[in-house]
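Please keep the sequence and the 3D view at hand while reading.

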Amino acid sequence: MKKIYTKTGDSGTTGIYGGIRVPKDDIRIETNGCIDELNCEIGIIRTTMDADNEHQKILYEIQNELMVMMSIIATPSSMRDKNKNIFDESIIDKSESYMDNLMSEMTDNGWFILPGGTPVAAHLQMARTIARRAERRMCTLDREDPLPPMIMVFMNRLSDLFFVMARHELYKSNMPEERWKEFCYKSKR
């Protein structure tokens, strides 16, 4: 078996697409680290769910698109046309439709809710927060080296999707949402 370690990163640099070496705390690497963490959290969620859980299919698709996104992010915009990985923009519409379908089963939520309830719901909330952090890192990177707009849109949708999925998990489990405070912008003044 080939050795996993190369020793090329011992000096605090790592390789990106095109053979370029960058510091390990480069914003491109930080961004991909957040997305990698999100993908791992989704993997935990999927193993926590029953194999026939209705969310399995879309979560699997999301994991695959996150891998494509990481490849694109690891590629400087000047070389992106050489990267063979193509982001499937249809995942955005699928995510929006999926959210709409889940929301149609539940009542509207006008409250901040405390994460928890079930292990799956709690992990979905964790995925939501990791997606938000990844989105913030993507915004920073985008200012330095523009990213394809649709991957930015997708990351924004993901945090919403995980929030809705967490609520739906509680709904399907007949668990009440633990409310904190009403949304100010939704309440009448």
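**Briefing: one buried serine and the helix packing**

S71 has a relative accessibility of 19%, and because buried means under 20%, this residue counts as buried. The model discussed here is a predicted one.

**S71 and its surroundings**

- S71 is located in helix α2, a helix that covers residues 56–73.
- Leaving aside residues up to four places away in sequence, S71 touches N83 and N85.
- Between S71 and Y60 there are 17 Å in space, C-alpha to C-alpha, for a separation of 11 residues in sequence.

**Helix α4**

- Helix α4 comprises residues 119–144, which is 26 residues.
- At 1.5 Å a residue, α4 should span 38 Å, and the distance of 38 Å between its end C-alpha atoms therefore agrees with that expectation.
- The buried residues of α4 are V120, A121, L124, Q125, A127, I130, A131, A134, E135, M138, T140 and L141.
- Among the elements that cover these buried residues are α1, α2, β3 (111–113) and α5.

**Helices α1 and α5**

- Two packed helices are described by the angle between their axes and the distance between the axes.
- For α1 (residues 27–48) and α5 (residues 149–172), the angle is about 30° and the axes lie 14 Å apart.
- Because angles under 35 degrees count as roughly parallel, α1 and α5 are roughly parallel to each other.
- The crossing in which α1 passes α5 is left-handed.
- On the α1 side the contact is made by I35, L38 and I42, and on the α5 side by M155, L158 and F162.
- Sorted by class, this contact of α1 with α5 has six nonpolar residues, no polar residues and no charged residues.

**Helices α3 and α5**

- Helix α3 (residues 90–105) packs with α5 at an angle of about 25°, and their axes are 9 Å apart.
- It follows that α3 and α5 are therefore roughly parallel to each other.
- The crossing of α3 with α5 is left-handed.
- The α3 residues in this contact are I91, I92, S95, E96, Y98, M99, L102, M103 and E105.
- The α5 residues that they meet include M150, V153, F154, R157, D160 and L161.
- Further along α5, the contact also includes V164, M165, R167, H168, Y171 and K172.
- By class, the contact of α3 with α5 has 13 nonpolar, two polar and six charged residues.

Key
Residues are numbered from 1 along each chain as its sequence is written. This is a predicted model: local features need pLDDT of at least 70, side-chain atom pairs count only at pLDDT 80 or more; totals for chains, interfaces and linings use all residues. Side-chain values use heavy atoms; hydrogens and water are left out. Axes are lines fitted to C-alpha atoms, for helices over the stretch in contact, and angles run from 0 to 180 degrees between N-to-C directions. Helices (H or I, at least four residues) and strands (E, at least two) are DSSP runs, numbered from the N terminus. Angles under 35 degrees count as roughly parallel, over 145 as roughly antiparallel, 65 to 115 as roughly perpendicular and the rest as oblique. A crossing is left-handed if the near helix is turned anticlockwise from the far one by less than a right angle, and right-handed if clockwise. Contact means heavy atoms within 4.5 Å. Ala, Val, Leu, Ile, Met, Phe, Trp, Tyr, Cys and Pro count as nonpolar, Asp, Glu, Lys and Arg as charged, and the others, Gly among them, as polar. The expected span of a helix is 1.5 Å times one less than its number of residues. Buried means under 20% relative accessible area, exposed over 50%, partly exposed in between (1.4 Å probe, protein chains only).
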